[in-house]
Amino acid sequence: MHQHTVEVNVACSVEEVYNLWQRVENVPRWMPLVKEVKIIKGFDDLSLWKFGLGFPLLTQWTSHITQRVPQKLIAWESVSGLKNRGCAEFFPTDKGCRLCLTVAFDLPGGVVGTLLETVNIDRWLEANLVESLNRFQSLIEKEVLRQKGW
């Protein structure tokens with residue numbers, strides 16, 4: 001499995017950061033490669049994810065929340081489709097919250113997987129994860145300031 005860990009400091013409380021992150025259907029707002037996340041009706045801890053650049057570089061999986069510790073940790077793993085797992089950890093800081101995101105995944109098979117290996121997918125994915133967390137930071141800080149009337 002390819003694994004990456006990235007983190008960002010957010011000028012919002014752990015509670016605010018956790019509350020936005022746990023609503024997985026919001027993830028496409030800050031991760032452009034995540035095209036859609038739908039909670040599976042009747043199963044709050046199962047969701048269908050669509051990910052990629054577009055056809056033929058598009059894949060999907062069903063994800064299961066394996067662990068949820070309010071304001072500390074959300075962990076998941078795929079139960080079908082692209083094999084992956086990860087966790088988001090939330091740490092209080094003097095200025096808010098440090099969000100630490102770890103993701104691990106297997107490349108898809110066939111031509112797409114071979115292509116991804118040749119373009120140094122690890123470096124590209126890490127840069128994309130950093131950009132996505134920076135986008136998350138900006139988004140939540142603006143939303144919290146707006147809610148507080150600042």
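With a disulfide taken as a pair of cysteine sulfur atoms within 2.5 Å, the count comes to 0 disulfides. This is a predicted model, in which local features need pLDDT of at least 70 and side-chain atom pairs count only at pLDDT 80 or more, while totals for chains, interfaces and linings use all residues. Residues are numbered from 1 along each chain as its sequence is written, and side-chain values use heavy atoms, with hydrogens and water left out.

View 1. Residues are called buried under 20% relative accessible area, exposed over 50% and partly exposed in between (1.4 Å probe, protein chains only). Cys87 is buried at 16% relative accessibility, and Cys97 is buried at 0%.

**View 2. Overall arrangement of the protein chain.** Helices (H or I, at least four residues) and strands (E, at least two) are DSSP runs, numbered from the N terminus. The protein chain holds 3 helices and 7 strands, in the order β-α-β-β-β-β-β-β-α-α from the N terminus on. Of its 150 residues, 39% are buried. Where contact means heavy atoms within 4.5 Å, 46% of the contacts between residues at least 6 apart in sequence join residues at least 24 apart.

View 3. Two strands pair if DSSP finds at least two bridges between them. Strand β5 (residues 73–81) and strand β6 (residues 84–93) run antiparallel and are joined by 5 bridges, with a hairpin of 2 residues connecting β5 to β6. Trp76 has Gly86 in β6 as its bridge partner. Antiparallel pairing also links β6 to strand β7 (residues 96–105), here over 10 bridges, and 2 residues lie between β6 and β7 in their hairpin. Asn84 stands opposite Phe105 in β7.

View 4. A salt bridge is a side-chain nitrogen of Lys or Arg within 4 Å of a carboxyl oxygen of Asp or Glu; a search of the whole structure finds 5 of them. One of these joins the side chains of Arg98 and Glu7 at 3.4 Å, N to O. Arg98 lies in strand β7 and Glu7 in strand β1 (residues 2–10), 91 residues apart. Arg98 is partly exposed at 26% relative accessibility, as is Glu7 at 48%. Arg29 and Glu143 meet in a salt bridge at 2.1 Å, N to O. Here the loop between α1 (14–22) and β2 (34–40) supplies Arg29, and helix α3 (residues 121–147) supplies Glu143, 114 residues apart. Arg29 is partly exposed at 39%.

View 5. Lys50 and Glu36 form a salt bridge through their side chains (3.5 Å, N to O). Lys50 is in strand β3 (residues 43–54) and Glu36 in strand β2, so the pair ties together parts that are 14 residues apart in sequence. Lys50 is partly exposed, with a relative accessible area of 31%, and Glu36 is partly exposed at 27%. A network of salt bridges links Glu36, Lys38 and Lys50.
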